[in-house]
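These are my notebook entries on a single chain. I set down what I looked up, entry by entry.

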Amino acid sequence: MIKVWLLILMMSAPNMPSVKHNAFLYPNEDDCMQALTDYLNIYERKSAEYKENLKTTGYCLPFDAFPIQGLNTL
């Protein structure tokens, strides 16, 4: 088993029937947290109108997995 980090980004907008999400895999916590920080910084630079119509957040979650081919190329 290996430990990987799953970055889950969640988004909600008016009139959407559910919360949308994207997920990305990282080989370590630092890379995951950096990606989350970059994403949230981009969101914070958006206009107030944009942020009124899209709410978002993200989480870095540890996950035990079997070895994943190509993981070190992320």
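Is Asn15 buried or exposed? I found that Asn15 counts as exposed, at 81% relative accessibility. I use buried for under 20% relative accessible area, exposed for over 50% and partly exposed for values in between, with a 1.4 Å probe and protein chains only.

Basis of the entries. I am reading a predicted model, in which local features need pLDDT of at least 70 and side-chain atom pairs count only at pLDDT 80 or more, while totals for chains, interfaces and linings use all residues. Residues are numbered from 1 along each chain as its sequence is written, and side-chain values use heavy atoms, with hydrogens and water left out.

Entry on Asn15. I located Asn15 in the loop between β1 and β2. Its phi is positive, about 65°, although Asn15 is not a glycine. Helices (H or I, at least four residues) and strands (E, at least two) are DSSP runs, numbered from the N terminus.

Entry on helix α1. I took the helix as residues 29-44, which makes 16 residues. From first C-alpha to last, α1 reaches 22 Å, close to the 22 Å expected at 1.5 Å a residue; the expected span is 1.5 Å times one less than the number of residues. At the N-terminal end, Asn28 caps α1, with a side-chain oxygen 3.3 Å from the backbone nitrogen of Asp30. I count a polar contact as a pair of N or O atoms within 3.5 Å; within protein, one must be able to donate a hydrogen and the other to accept it, and residues adjacent in sequence count only if both atoms are side-chain atoms.

Entry on the two faces of α1. I noted Cys32, Ala35, Leu36 and Tyr43 as buried. They lie on the same side of α1, because they cover an arc of only 100° around the axis, taken from the directions from the helix axis to the C-beta atoms. The buried residues of α1 pack against β1 (2-12), β2 (20-26), α2 (48-53) and β3 (55-65), where contact means heavy atoms within 4.5 Å. The face turned away carries the exposed residues Asp30 and Glu44.

Entry on Glu44. I found its side chain in a salt bridge with that of Lys51 (3.5 Å, N to O). The structure holds one such bridge, defined as a side-chain nitrogen of Lys or Arg within 4 Å of a carboxyl oxygen of Asp or Glu.

Entry on the disulfide. I found one in the structure, a disulfide being a pair of cysteine sulfur atoms within 2.5 Å. The sulfur atoms of Cys32 and Cys60 are 2.2 Å apart. This pair links distant parts of the chain, Cys32 in helix α1 and Cys60 in strand β3, 28 residues apart. The S-S torsion is about -105°, so the disulfide is left-handed. Cys32 is buried at 0% relative accessible area, and Cys60 is buried at 15%.
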